[in-house]
Amino acid sequence: MMVRKNVQKAVFPVAGLGTRFLPATKASPKEMLAVVDKPLIQYAVEEAYAAGIREMIFVTGRHKRAIEDHFDTAYELEAELSAVGNDALIALLHSIKPDDMDCVYVRQPRALGLGHAVLCAERVVRGEPFALLLADDLMLGEPPIMRQMTDLFAEHQCSILAVQEVPKDQTRRYGIVKGKAVSSDLVNVEGLIEKPHPSVAPSNLAIAGRYILTPAVFDMIREQPRGSGGEIQLTDGISAMLATEQVLAYRYHGERYDCGSKLGLMQASVVLAEIHPELGGEFSAWLRERQKIPELRDRRDRELV
């Protein structure tokens, strides 16, 4: 009888240099870029926590100390807040890392690709299925995207990839899934192609930054030849798994913002500002007024003609 497993660990590859956001990321990790009042990495961790995951594994690199500090106790800050009786802010600080959440940090000594980052977490994962979340992708859903995926894993007990439909001319920016639909939301994966030209892309289903993977992926990644630039590709490892295990692609219910790009970060900031419990109403009102400005200018110009 098969022992059914739950996903209890999440891996966050956070060793990237964030060159697209220079100079902002010269001395600060890109995962610490704020969207309204929380850094990107906190949104991803909160999503994993909402899925019932309690062990967070961060694959870090040099100059990433700020991420560790963010999830650590800030004794001096708490002492200052306590001295002035600001219990609300103290509670807010404590909510960043709940008491039942564990944080583990491992180093990726060289930037050798996403597959290599996953391999760095192998000893901490210890042969269990695990979630993989890319903090660059800020994903919003109800229930949270990773909760949707852990519920599916509890049923199917196999690797699951979050996917979304993209315009055909954008397939060269993503890993693309080939497969057959088994339901309106699920596709049985038969192949994966990394960043194919639109003319050869097998579909427009692109892998988003959320995965649940079985531990078999580690051996498969290790056996793959290195790709361009000597990088070890996660997509190649998952593709190799298809010979021995089922992999499902899941059309998640929600929205994704590519916060690895400046435009995506700005879009996410606007969306989350509009629904923010404290400033949402005021910000939305300001935004509406701001949108009227071009109309007023056009009318003034017509009146001056």
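Colleague: Which residues of helix H8 (216–223) are buried?

Modeller: In this predicted model, the buried ones are Val217, Phe218, Met220 and Ile221.

Colleague: What puts them on the same side of H8?

Modeller: The arc they cover around the axis is only 170°, so they sit on the same side of H8. As for partners, these buried residues pack against helix H5 (114–120), H6, S6, strand S11 (205–213) and helix H9 (234–241).

Colleague: Why is Gln157 called buried?

Modeller: Its relative accessible area is 16%. Buried means under 20%, so Gln157 qualifies. There's something else about Gln157: phi is about 55°, a positive value, although the residue is not a glycine. You'll find Gln157 in the loop between H7 and strand S8 (159–165).

Colleague: And Arg126, what makes that one exposed?

Modeller: For Arg126 the relative accessible area is 67%. Exposed starts over 50%, so Arg126 is exposed. Arg126 also has a positive phi, near 60°, and isn't a glycine. Its place is the loop between helix H6 (122–125) and strand S6 (130–133).

Colleague: Why does Val104 count as partly exposed?

Modeller: Val104 has 24% relative accessibility. Buried needs under 20% and exposed needs over 50%, with partly exposed in between, so Val104 counts as partly exposed. Val104 belongs to strand S5 (residues 102–107).

Colleague: Which residues does Val104 touch, not counting those up to four places away in sequence?

Modeller: Glu55, Met56, Ile57, Phe58 and Val124. The cut-off for a contact is heavy atoms within 4.5 Å. Val104 and Glu68 are 36 residues apart in sequence, and their C-alpha atoms are 9.2 Å apart in space.

Colleague: Where are the cis peptide bonds you flagged, and how do you know that the one from Leu22 to Pro23 is cis?

Modeller: Omega gives it away: the value from Leu22 to Pro23 is near 10°. Pro23 is in the loop between strand S1 (9–13) and strand S2 (34–35). Another cis bond joins Glu142 and Pro143, with omega about 0°. Pro143 is in the loop between strand S7 (137–140) and helix H7 (145–156).

Colleague: What makes Arg54 a charge over the face of Tyr49?

Modeller: Arg54 is at 3.6 Å from the ring centre. The distance cut-off is within 6 Å, and the charge must also be within 35 degrees of the ring normal. Arg54 is listed as lying over the face of Tyr49.

Colleague: How many aromatic pairs are there?

Modeller: With ring centres required to lie within 6.5 Å, the count is five aromatic pairs. One aromatic cluster is formed by Phe12, Phe58, Phe71 and Tyr105.

Colleague: How much space lies in the largest pocket?

Modeller: About 1,500 Å³. The lining has 44 residues, and the closest to the pocket's centre are Arg20, Lys30, Leu114, Leu134 and Asp136. A lining residue has to have an atom within 4 Å of a point.

Colleague: Which elements give two or more residues to that lining?

Modeller: H5, S11, H9 and strand S13 (255–258). S11 gives the most, with four residues.

Methods: Residues numbered from 1 in each chain as written. Predicted model: local features only at pLDDT ≥ 70, side-chain atom pairs only at ≥ 80, totals over all residues. Heavy atoms only, no water. Buried < 20%, exposed > 50% of the residue type's maximum accessible area, 1.4 Å probe, protein only. Phe/Tyr/Trp six-rings, centres within 6.5 Å; stacked < 30°, edge-to-face > 60°. Arc of directions from axis to C-beta. 1 Å grid on protein atoms, 1.4 Å probe; cavity = no way out; pocket = protein on both sides within 12 Å on 5 of 7 lines; lining within 4 Å. Points joined across faces, edges and corners; volume = space filled by probe spheres on them.
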